[in-house]
Amino acid sequence: MVGHCSSHPDILDLGREELEKAKQAGVLVDCHVSHCGDDMFLIMTHDRGENNTEIHKLAWDTFVKGTELAKKLKLYGAGQDLLTDAFSGNIKGAGPGSAEMEIDERPSEPIIVFMGDKTSAGAFNLPLYKMFADPFNTPGLVIGAPLHGGFSFEVQDVKEHLQVTLNAPDEIYDMLVFIGSGQRYAVKRVRHRDSGEIAACSSTDKLSMIAGRYVGKDDPTMIVRCQGNFPAVGEVLEPFTTAWTVEGWMRGSHHGPLMPVGLKDAHPSRFDGPPRLVSLGFQLANGKLIGPNDMFDDPGFDNVRQEANDIADYLRKHGPFEPHRLPLEEMEYTTMPDVAKKLADRWTPLSDEEAASTTRVQPVPAGSPPPPETEQQPR
Ligand code: F6R
Ligand code: MG
């Protein structure tokens with residue numbers, strides 16, 4: 001509402017009215033509108049399958065109408081997430097993040113919807129790994145028969161637009177090579193290996209690079225099914241008892257701790273953060289969303305909130321230095337091209353002596369023998 005810290009209640013009401021109309025018209029089975037920080041989240045159930053144009057258009061039109069109202073209220077950054085002028089058939093790539101899954105509803109279907117603000121796609125890699133591949137987090141992987149066969153992870157290379165599926169536990173070392181770098185590789189889906197059932201889906205929409213600058217926001221979302229063949233509710237929430245370092249925060253250009261909060265605390269204001277995560281639990285009943293439970297509104301998460309504040313204090317002391325500030329190529333805001341241009345004629349070559357003492361990368365011809373080992377010089 002003020003700046004980028006929260007959502008105006010009128011915008012959320014508008015979202016509710018639009019989705020309710022679609023529900024009355026039979027387009028949706030059920031809906032729930034919520035928020036984290038300055039982002040409105042549309043939670044929708046329907047029976048039209050994934051990537052359905054009508055559903056995606058409903059989401060797009062709701063965000064466009066929300067933008068119009070936000071402009072009337074002169075809210076800051078109205079419509080900043082809508083990157084295209086017209087709807088192209090699918091909301092993917094148009095700005096807002098999205099996660100969809102098609103399921104056969106079980107006799108009892110507990111699901112948790114995660115909603116993040118001031119962070120980005122890839123922030124869920126580590127928590128998803130812990131939920132579905134780490135027995136120190138999820139004892140069900142060891143002592144729960146339905147989980148013992150493990151889970152498969154669909155990993156996307158968000159820069160090269162490739163994907164690969166890797167199996168846990170057998171391929172975890174290969175998988176970690178990639179998903180350890182969340183700015184490039186993001187876990188899109190997790191499946192139960194024995195049955196092939198979808199277990200989790202996250203939004204992997206990244207910011208768009210336009211004219212050398214990142215534009216739009218990519219505050220992520222994720223849906224996780226719980227119990228039975230999947231981790232228990234408590235195993236799904238347990239990864240968030242550590243305030244993991246994620247990308248985002250001020251100007252989308254800083255590392256900061258991910259703080260799990262109840263809805264009442266989902267208003268990031270300190271240095272436009274720290275990054276927040278809300279989780280809403282629902283029981284599905286024939287597509288109806290029974291709930292929600294505001295899962296992080298639990299004193300059991302007080303310690304991680306304290307930890308997040310301590311990490312925030314420590315990282316803030318770095319000011320404009322890495323690792324608080326993101327590496328140059330990952331920042332959402334940068335003055336680098338302009339400053340580099342301005343200073344272009346002021347850079348002069350180093351003297352030969354100084355140049356000799358700095359690292360030089362020399363191309364090694366293919367098939368060359370390895371360089372001789374140099375003896376360690378005493379310091
Ligand atoms: C981060 C975020 C904010 C803004 C910041 C500057 O995701 O939304 O930190 O980036 O408040 O906003 P502008 O450039 O709109 O003044
Ligand atoms: Mg946001």
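Trainee: Which residues do ring pairs link into a cluster with Phe114?

Mentor: This is a predicted model. Phe114 and Phe124 pair with centres 6.4 Å apart and planes at 55°. Phe114 and Phe296 also pair, at 6.3 Å and 50°. Ring pairs link Phe114 into a cluster with Phe124, Phe240, Phe296 and Phe301.

Trainee: How many residues apart in sequence are the parts that Phe114 and Phe296 tie together?

Mentor: Phe114 lies in strand β3. Phe296 sits in the loop between β15 (288–294) and α7 (302–316). The pair therefore ties together parts separated in sequence by 182 residues.

Trainee: Is Phe296 buried or exposed?

Mentor: Buried means under 20% relative accessible area. Phe296 has 0% relative accessibility, so the residue counts as buried.

Trainee: Which residues coordinate the magnesium ion (ligand 2)?

Mentor: The donors are OD atoms of aspartates, at 2.1 to 2.3 Å. Their spacing in sequence is D-D-x77-D-x101-D. The residues are Asp38, Asp39, Asp117 and Asp219.

Trainee: Where does Asp219 lie, and how many residues apart in sequence are the parts that Asp38 and Asp219 tie together?

Mentor: Asp38 is in the loop between β1 (30–36) and β2 (39–45). Asp219 is in the loop between β9 (213–215) and β10 (221–225). The pair therefore ties together parts whose separation in sequence is 181 residues.

Definitions and conventions: Residues numbered from 1 in each chain as written. Chains lettered and ligands numbered in written order. Predicted model: local features only at pLDDT ≥ 70, side-chain atom pairs only at ≥ 80, totals over all residues. Heavy atoms only, no water. Donors = N, O, S within 2.8 Å, 3.2 Å for Na, K, Ca; no water. Helix = DSSP H or I, 4+ residues; strand = E, 2+ residues; numbered from the N terminus. Phe/Tyr/Trp six-rings, centres within 6.5 Å; stacked < 30°, edge-to-face > 60°. Buried < 20%, exposed > 50% of the residue type's maximum accessible area, 1.4 Å probe, protein only.
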